[in-house]
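Please look over the sequence and the structure shown here before reading on. The notes that follow are meant for someone new to them.

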Amino acid sequence: MRRFISIILAPLLLLSLTGCFGPPVDPDTVQESIQVIAMDTPMLISTYGRRSTAAAYASEDLIRDLESRLSRTEADSAVSRLNRGETVEPDEDLTTLLRLASCFRDRTGGAFNIGVAPLVSAWGFTTDHNQVPAPSEISRLLKVVEETALQESPEGLTLGPDQAIDLGGIAKGYAADKLADLFREYEIPRAMAQLGGNVLAWGDRPDGTAWRVGVQDPARPGEQNAFAGILNLKNAFAVTSGGYQRYFEESGKRYHHIIDPATGYPADSDLTSVTVVADCTYDDCVGTLCDAFSTAFFIMGEEEALDGWREWQEESPSFFDLVLITEDGRVVVTQGLAESFTLDEGSGYTLEIVS
């Protein structure tokens, strides 16, 4: 499922130029920025340090490689081949994502489910031809989604008839995790990656301050710099899901793209936006978790999302935090972000800190 692009407010620094007669270059201010269109979304990656150029281009190669193997829209990818009924021998990345997807499905009571792909297609969100499916078709596909399971054999993995999977709800988060590993390998002191709404704020800004990440106001999606608030982040993932970025209208009713696997219809949530923020210094798939949970918590709604957050805090204190924007005009921020989030006073929202 696609995510909206969070906007980085810090201005981009120009790549410093030096020559025989120029002053020495501070490696922490050397920057390379690269734009990529991949995984059905525009991306921007900015890296700093002596190896910034090499890291930026290695980042593009990494993302394009993941897209070629994991994207549902790439005809020769492993996912597309599975969805066509072929038997696929999984590689390490696909195996990892399938394992994580199963875990997230269990931990969210089925709210996150990569098997929802046939329903997403029925609504036309994978094409330019949106439509409201007949109730009978939704009922039929709900059974398909419920029964979706990968079958393993010595030859590889297969799916059943009509079954399909879509890793779009975690692939960009996984890409962000892989970028964090790459930045470690290249000894990048700071970087900013925007992957279709999955933000990786690596380190801090060159002046030592936090990266400023705007949380889009869902009520004003078409307005530039229309934010509900600003997150000040260092070494963090931030992933946002909302139903306002991609939708269509029919007979005066709006239908957004985040499909509830339990009903087959766009999620009827009391939330308009969910942002999940977590520390990116863990050597684990934390970005992938943020990606999955942003979707699941949007579907679950405010009360269940906060219950889920509290449950995870008991296992891993300060593991991740939330910014929830509600239908009734509140911005609900969990306590770990109380000092990092600033409400836009002109947005009309009221701020609520919860523990």
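The notes below cover the nonpolar cores, a pair of helices, and several single residues.

This is a predicted model, in which local features need pLDDT of at least 70, side-chain atom pairs count only at pLDDT 80 or more, and totals for chains, interfaces and linings use all residues. Residues are numbered from 1 along each chain as its sequence is written, and side-chain values use heavy atoms, with hydrogens and water left out.

**Nonpolar cores**

- A nonpolar core is a set of buried Ala, Val, Leu, Ile, Met, Phe, Trp, Tyr and Cys residues joined through side-chain atoms within 4.5 Å.
- Buried means under 20% relative accessible area, exposed means over 50%, and partly exposed lies in between, for a 1.4 Å probe and protein chains only.
- The largest nonpolar core has 75 residues, and the members that touch the most others are Leu167, Phe183, Leu195, Leu200, Phe293 and Phe320.
- A second, separate core has 21 residues, including Leu231, Leu233, Ala238 and Leu337.
- Beyond its neighbours within four places in sequence, Leu195 is in contact (heavy atoms within 4.5 Å) with Thr41, Met43, Ile45, Ile63, Lys172, Ala175, Ala176 and Leu179.

**Helices H7 and H8**

- Helices (H or I, at least four residues) and strands (E, at least two) are DSSP runs, numbered from the N terminus.
- The axes of H7 (residues 286-300) and H8 (residues 302-315) come within 8 Å and cross at roughly 140°.
- Axes here are lines fitted to C-alpha atoms, for helices over the stretch in contact, with angles from 0 to 180 degrees between N-to-C directions.
- H7 and H8 are therefore oblique to each other; angles under 35 degrees count as roughly parallel, over 145 as roughly antiparallel, 65 to 115 as roughly perpendicular, and the rest as oblique.
- On the H7 side, Leu289, Phe293, Phe297 and Met300 meet Glu304, Ala305, Gly308, Trp309 and Trp312 of H8.
- The residues of this contact divide into 7 nonpolar, 1 polar and 1 charged, where Ala, Val, Leu, Ile, Met, Phe, Trp, Tyr, Cys and Pro count as nonpolar, Asp, Glu, Lys and Arg as charged, and the others, Gly among them, as polar.
- Of the 15 residues of H7, 14 are buried, so H7 is largely enclosed by the rest of the structure.
- Just after H7, Gly301 takes a positive phi of about 95°.

**Residues in helix H1**

- Glu60 is found in H1 (residues 52-70) and is buried, with a relative accessible area of 17%.
- Leaving aside neighbours within four places in sequence, Glu60 is in contact with Ile34 and Val36.
- Arg64 also lies in H1 and counts as partly exposed at 35% relative accessibility.
- With neighbours within four places again left aside, Arg64 is in contact with Val36, Ile37 and Ala38.
- Arg64 and Asn83 are 19 residues apart along the chain, and their C-alpha atoms are separated by 20 Å.

- Arg212 is in strand S8 (residues 211-216) and is partly exposed, at 34% relative accessibility.
- Arg212 and Leu231 are 19 residues apart in sequence and 5.7 Å apart in space, C-alpha to C-alpha.
- Asn235 sits in the loop between strand S9 (227-233) and strand S10 (236-241); Asn235 is not a glycine, yet has a positive phi of about 50°.
- At 27% relative accessibility, Asn235 counts as partly exposed.
- Ser251, in the loop between strand S11 (247-250) and strand S12 (253-256), has a positive phi of about 50° although it is not a glycine.
- Ser251 counts as exposed, at 79% relative accessibility.
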